[in-house]
Each structure stands twice: as C-alpha cells, then as structure tokens.
Amino acid sequence: MSRLTDIRPVSGRREFRRFIDYAYQRNAGDPHWVPPLRLAEHERLTPKKNPFFAHAAVDLLLAWRGDRLVGRIAAIDDRLHNETHHDNVAMFGFFEAEDAEATGALLGAVEAWATARGRARVRGPINPSLNESAGLLVDGFDSDPMVMMPHNPREYGAHIESAGYQKAKDLFAWIYQFDPEPPAIVVKLAARVRERERIVVRPLNLAEFTREVDRLRLIYCGAWERNWGFVAPTEAEFRRLATELKPIFDARCAVLAEVDGRPVACAIAIPDINQALKGTNGRLFPLGLVRLLLRRRYVNQIRLLLLGVDAAYRTLGLYPLLLFELHRQLSGGPFLRIEFSWVLEDNRDINQPAEQVGARQYKTYRIYEKQLVNW
C-alpha cells in the first residue's frame with residue numbers, strides 16, 4: 001500500500017481547527033504531554049489576535065495520506081528576524097508528524113516555500129518565535145514539561161535529522177529544589193552587591209500592571225539584545241504575552257531591581273499551570289474549568305522564564321541578588337521547585353551559577369537548521 005504523503009495548505013476554518021487538534025491527537029498517548037489551552041492556541045495562530053503576524057508571513061500546512069491527517073507544520077518568514085540578524089533564514093514551527101516520511105514531506109514543503117521567498121536556510125522548531133516556545137525535546141522525556149515549554153515524541157529528533165537537518169543550538173532547562181535557606185554562595189554575593197551598590201529590589205506592582213510590563217520589556221530587550229537569534233518583541237507582542245499570563249501570575253514570583261528609580265534587572269517566574277492542565281485535553285468546558293480550578297491549589301513548582309540584567313549593569317553581579325530576593329519572597333510558600341528555562345547552551349552567565357547553587361540540568365531542547373541547496 002502506498003504511503004505517499006500529500007502536503008496542502010490549510011484551507012478554511014475546519015482545516016484550521018484540524019491543524020490545532022492534530023497535536024492533541026498525536027500526543028494523546030504520552031503520559032508526559034500536557035495539553036495547552038485550545039483557545040490560546042487558536043489565538044496564537046490567528047493573525048488578528050497575534051501581533052507577531054504584523055512582521056511575519058506564516059503558512060500552515062497539513063500532511064495527508066488519502067483522507068487521513070498524518071502531520072502538520074507552519075512555514076514562517078519573520079521579516080523582523082532577518083532585519084535584525086541578516087542571516088536570510090526561514091523558520092518552521094508547530095511541527096507534529098506520524099512518521100519519518102511525513103516529516104520529510106512537511107519539511108520539504110517548508111524548504112520549497114522558503115526557497116521561493118529567497119531564503120538560504122530553514123531553522124526550527126520555533127513556535128512562532130524565540131519569545132514564545134522553541135526547540136525540540138531531545139533529552140529529559142521522563143517528566144512533564146513546565147508551562148510554555150515543548151514536549152514531543154522521542155523519535156522526532158531522528159526524523160528531522162534524516163531530512164538533512166543538523167543542530168544549530170541547544171537550549172537547557174535547569175531544575176532547582178527549594179531549601180528553607182538560599183545557598184550560602186548566593187547569600188554572600190547578594191550581601192556584597194547590596195553593600196557596595198545603590199540597588200533597590202522590590203516585587204512587581206500588579207496595580208500598575210501595564211506600566212510594569214513596559215518596564216520589563218525594556219529590561220528584557222536590553223538584557224537579551226546580543227543573544228543568539230534574539231529578536232526584540234514589539235510592544236504589542238510583549239503585552240499580548242503578559243496579558244495571557246496575567247491570570248496565573250503570582251506577585252511572590254517576581255522581583256525588579258532599580259538604580260536611582262530606573263529598572264535595570266528582573267527575575268520573573270510564573271506558577272507551572274501545566275500541573276493543573278493535565279486531564280483537561282485543553283478544553284475549559286464543560287468540565288475542564290472545574291478541574292483547572294480544583295487543581296490550581298496543587299501547583300507546587302514555578303518556571304523562571306525571565307532573568308535579565310541591563311547590559312550597562314551586568315558587571316555589578318546582580319544575578320545573586322535577584323535570586324536571593326526571589327528565594328526570600330517564595331520562602332514558606334507552596335512552591336517546592338523552580339525551573340530555569342530556557343538557557344542557551346553557551347550562556348555561561350546563567351549555566352555556571354545554576355550549577356554552582358545546586359540546580360540540575362534535566363532537559364535539553366534542540367533547534368535544527370538546514371542549508372538550502374540553491375545557496
């Protein structure tokens with residue numbers, strides 16, 4: 001029987017829903033896959049709802065064998081990325097496939113799409129940018145992902161590599177078990193910084209949420225400016241993400257450092273709502289919302305998704321001070337673990353201190369890349 005796979009762009013609202021639903025079908029048997037909220041996935045892929053589309057072209061593609069759906073992928077051409085990095089690259093994201101043949105067909109379609117747009121390389125998975133979700137899980141399959149982190153079948157890596165893709169960059173996730181007291185080295189370094197610098201560290205003010213979000217964006221863009229692949233999110237993009245996360249935000253999980261009233265550094269974590277989402281199948285109605293509300297009380301871990309210091313203040317050694325204050329705010333609360341993610345494999349400023357304080361690098365995510373033959 002032929003296994004020929006046909007790739008076609010999404011056409012109409014029904015196929016758009018099938019594009020989203022396929023991830024839930026493909027991963028239904030994986031005990032560690034956590035279904036994201038379907039409503040959020042719809043909005044993330046709807047141009048009118050996601051300001052990312054203002055500077056990017058995105059085509060959603062489906063893989064078919066007859067009338068059976070066997071995969072999906074998004075072809076992404078981010079104009080802002082190429083203006084920032086001048087590397088002439090297209091991206092692929094939102095990838096799911098039944099087998100190696102479907103993978104090759106999907107990636108081949110993205111490559112043809114990228115070639116037609118004059119791009120020299122294809123990179124991914126990136127969903128749809130590094131400011132949201134990125135990377136393919138290649139190590140650490142024995143535990144659930146935390147909020148906004150990917151999880152995928154183990155064989156995906158081999159399937160992508162068989163299509164001619166090679167590693168571009170690995171991203172690490174570190175896990176740290178909270179002790180009643182912060183590590184001695186953190187206490188010592190934090191005290192030293194506080195003694196010699198005019199640093200004020202405070203929690204975020206949720207009463208001024210919009211202004212605080214604008215302050216965080218400035219820190220984020222300044223801190224990450226020279227990082228591999230980083231593209232500064234527009235104000236609209238950053239506010240959309242912040243607004244999406246606001247309902248699960250906990251003021252204990254964030255600290256902001258200021259010098260003479262100017263924000264220069266931050267540590268922002270969010271409760272791992274994935275612990276509550278399991279079993280909902282991504283739906284809030286009719287019973288998903290009840291399950292979600294009942295389980296939120298059992299959320300006992302957080303994800304540190306933003307740890308940044310403005311480049312002008314990086315030599316002050318603010319990371320230990322941020323971590324000390326975050327530990328102090330969380331002390332005595334419900335949270336037992338914190339994940340630092342994601343961290344570039346060559347980011348010594350984060351990886352080395354994480355290891356020194358006793359964190360364990362427990363998951364690895366990989367971004368792949370392929371040079372197109374016409375280049």
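**Salt bridges in a predicted model**

A search of the whole structure finds 34 salt bridges, a salt bridge being a side-chain nitrogen of Lys or Arg within 4 Å of a carboxyl oxygen of Asp or Glu. The model is predicted, so local features need pLDDT of at least 70 and side-chain atom pairs count only at pLDDT 80 or more, while totals for chains, interfaces and linings use all residues. Residues are numbered from 1 along each chain as its sequence is written, and side-chain values use heavy atoms, with hydrogens and water left out.

- Arginine 65 and glutamate 101 join their side chains in a salt bridge of 3.0 Å, N to O.
- This pair connects strand β2 (residues 56-65), which holds arginine 65, with helix α4 (residues 100-116), which holds glutamate 101, across 36 residues; helices (H or I, at least four residues) and strands (E, at least two) are DSSP runs, numbered from the N terminus.
- Arginine 65 counts as buried because its relative accessibility is 11%, whereas glutamate 101, at 34%, counts as partly exposed; buried means under 20% relative accessible area, exposed over 50%, and partly exposed in between (1.4 Å probe, protein chains only).
- Aspartate 87 and arginine 123 form a salt bridge at 3.4 Å, N to O, and this pair, 36 residues apart, links the loop between α3 (79-85) and β4 (89-97) to strand β5 (residues 121-124).
- Both aspartate 87 and arginine 123 are buried.

**A further pair and a network**

- The side chains of arginine 252 and aspartate 250 meet at 2.6 Å, N to O, in a salt bridge.
- Arginine 252 is partly exposed at 35% relative accessible area, while aspartate 250 is buried at 15%.
- Salt bridges with shared partners join Arg202, Glu208, Arg211, Glu212, Arg215 and Glu258 into one network.
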